[in-house]
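Welcome! Please take a look at the structure below before reading on.

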Amino acid sequence: MAIVGEKVIKEFGNPPTRVLHALDFRIDDGEFISISGRSGSGKSTLLYIISTLDKPTQGRVLIDGRDPSLMTTAEIHRFRNTSVGFIFQFHYLLPELSALENVLLGPRNMSIWKEKRAYAMELLDTFGVADQAHKLPAQMSGGQQQRVAIARALVMNPKYIFADEPTGNLDTINGERVMGILLDINKRLKTTICLVTHEPDYAKLANREIFLSDGHIVSTADPGESAPMTTPS
Amino acid sequence: MWFIAFRQMFSKKKQTVLIFLGIMFGTMIYVIIAGTQYGMRDYLTEQLLNNTAHVIITGNERKIDPVDLRERFFPADSLVNWIIPPAGKREEARLENPQGWFERLSADPDVLAFAPRLSINAILSRGTLRHNVGLVGIIPERHVQVTSIGDYMLSGKLDDLKVGTNNVVLGSGVMESLGARVGQTILLSTGLSEPRPFKIVGVFELGNQQIDETLAFGHLNDVQGLNRTPGRVSEISISLTSIEMSQDKAHNWSLYSNDKVQGWEEANAAFMQVIRIQDIVRMVITGAILLVSAFGMYNVLSIMISQKQKEIAILRSIGYGPNKILLLILIQGLTLGISGGFLGLVVGHFANVYLDNIDLGFKIGKGTSLLISYRPDIYITAIVAALISTTVASILPARQAARLTPLEIIRSNL
Ligand SMILES: Nc1ncnc2c1ncn2[C@@H]1O[C@H](COP(=O)(O)OP(=O)(O)OP(=O)(O)O)[C@@H](O)[C@H]1O
Ligand SMILES: [Mg+2]
């Protein structure tokens with residue numbers, strides 16, 4: 001199964017300005033895709049459409065054959081809860097909750113947080129922040145917070161991870177750490193990852209790079225350094 | 001949702017406590033004000049002689065009409081004027097046709113009970129002591145159905161009036177000024193008649209000096225006899241199956257005769273006015289307090305939502321739907337509303353119990369402290385008002401929060 005974009009057009013404002021120009025693309029399960037391009041080229045806009053947060057003006061996106069814009073609110077939220085993990089540039093942890101409680105927000109929504117507690121601790125441990133588990137976000141560094149946010153995105157074992165410049169606010173060391181984590185879960189857990197980044201070095205770590213320029217896909221070049229896990233059709 | 005809601009509430013303790021206190025004070029003050037007002041009102045109501053009667057029929061006093069009197073002596077169109085016009089009562093008030101009323105009332109299915117009375121003035125004397133009272137002739141078993149005087153007997157029963165003839169029940173103040181005891185015999189006179197001996201069979205005390213010093217009850221037949229007016233009745237108190245129909249019934253019946261027929265509210269117009277003013281005062285004070293705390297709550301929740309947009313966005317992206325976001329805010333508002341409201345009830349209740357036990361040093365009703373009512377509807381009204389105001393104050397910001405889409409928030413923050 002895959003995420004398939006068919007003639008995806010996105011326009012904003014009145015008179016409408018076209019931000020995405022009839023994009024066709026396909027992201028297969030287990031792929032690690034990077035979306036790159038200059039600022040304002042439409043990277044975030046594309047990611048939001050792929051990830052059910054936004055709808056295309058024309059064309060459609062099919063996730064495993066289903067069009068999210070035709071799902072009910074309940075279905076969308078269930079899908080987000082069970083199948084999707086978001087990571088943003090700003091970590092967006094709830095300041096009143098400890099690191100562990102933040103990670104368990106998704107399971108809590110499904111009333112399975114007790115079952116998931118051990119796994120959440122394991123994730124925090126993997127990312128080197130197990131000792132922060134009972135601290136509030138304000139008591140942690142930016143890099144630690146971002147790793148907690150990634151643990152939160154992963155705790156439901158989602159099929160898809162959508163990350164919008166997760167390294168944007170981090171220094172090089174923490175940035176590389178986060179990239180390492182993403183590569184690792186893509187390999188180990190076969191999680192499909194869509195990563196928006198404007199850092200060429202990180203973009204190259206992906207199986208495949210979608211390069212946007214003014215809302216057009218210029219190339220979906222295989223960066224070549226690592227072989228794709230699945231061959232794009 | 002509860003978990004997150006409570007965490008958010010406890011993370012801003014000061015605001016939470018302030019809102020909580022505002023709502024608590026609102027309900028507490030309602031309970032205290034309403035408790036004392038209703039307590040006073042119940043007391044005053046019992047003081048009214050017809051307290052539980054819904055309709056009262058009284059005879060019209062016949063006044064001397066100067067024109068009518070002049071026309072008896074001179075032709076109607078003659079130019080004669082009174083130098084000093086005659087004035088005054090021709091006769092004591094009485095019903096024109098009491099028997100007719102009895103028949104009508106007995107036959108009316110809406111009438112629960114009715115009690116005829118004859119009120120006259122009488123002079124009591126015991127040895128050299130004299131005392132003026134209003135003497136009310138009653139039929140005891142009927143009278144207790146339209147008043148609560150039976151609850152205020154210090155000794156004896158109203159029913160004792162029926163044992164033999166010429167018995168009286170006196171107010172405690174009357175007893176005092178005559179220096180009399182129950183079982184003794186005193187003399188009663190209307191002032192026009194020869195004094196007759198009456199036996200004291202009971203004492204009542206309403207707690208209102210003015211009444212306790214000037215009122216006496218006798219059996220209707222005995223009072224009619226003393227007054228030498230057998231069969232005369234000056235008023236009838238009626239209790240209906242439902243108080244709502246009192247005005248209508250009073251109006252209907254008033255068409256049948258010249259007697260004055262008044263519904264409860266009309267008969268106690270001054271009292272009703274006091275009650276209305278009390279109601280308004282209570283509503284205004286409590287309304288103002290609840291309004292202020294509801295506004296406070298609305299503000300705090302609105303501010304919280306605008307500060308927490310990012311968190312709301314993340315919850316939405318994790319799969320918390322709009323309804324759960326609505327719930328998140330509602331829980332916070334309603335928890336404060338319900339807990340603050342209930343604590344207000346409890347604190348208000350105990351404040352009332354405390355007030356109830358303060359010795360004021362003078363007699364009101366049966367005791368010497370404020371009269372407090374613990375009617376359940378006071379508590380129900382207070383908690384309902386607290387709940388309504390907090391629900392409104394939290395549902396508006398909650399719906400606003402639920403409408404936010406995660407994308408708008410994420411975009412505006414990037
Ligand atoms: N809600 C909106 N209303 C109007 N225009 C918008 C809106 N969102 C995005 N745009 C426009 O769409 C274009 C693409 O925006 P987008 O956020 O996708 O860029 P980006 O590639 O993610 O840029 P960056 O690297 O700075 O994050 C921009 O020109 C932006 O001004
Ligand atoms: Mg962007």
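Here is a short tour of a sheet in chain A and of the interface between chain A and chain B.

This is a predicted model, in which local features need pLDDT of at least 70, side-chain atom pairs count only at pLDDT 80 or more, and totals for chains, interfaces and linings use all residues. Residues are numbered from 1 along each chain as its sequence is written, chains are lettered from A and ligands numbered from 1 in the order in which they are written, and side-chain values use heavy atoms, leaving out hydrogens and water.

Let us start with the sheet. In chain A, three strands make an open, antiparallel sheet in the order 2-1-4 (strands pair if DSSP finds at least two bridges between them; strands are DSSP runs of E, at least two residues, and helices of H or I, at least four, numbered from the N terminus). Its edges are strand 2 (17–28) and strand 4 (58–63) of chain A, each pairing on one side only. Five bridges join strand 1 (residues 2–12) of chain A to strand 4 of chain A, and Gly5(A) sits opposite Val61(A) in strand 4 of chain A.

Now to the interface, where 26 residues of chain A are in contact (heavy atoms within 4.5 Å) with 24 residues of chain B. Arg7(B) and Glu101(A) form a salt bridge through their side chains (a side-chain nitrogen of Lys or Arg within 4 Å of a carboxyl oxygen of Asp or Glu).

| Feature of chain A and chain B | Value |
|---|---|
| Salt bridges across the interface | one |
| Distance Arg7(B) to Glu101(A), N to O | 2.6 Å |
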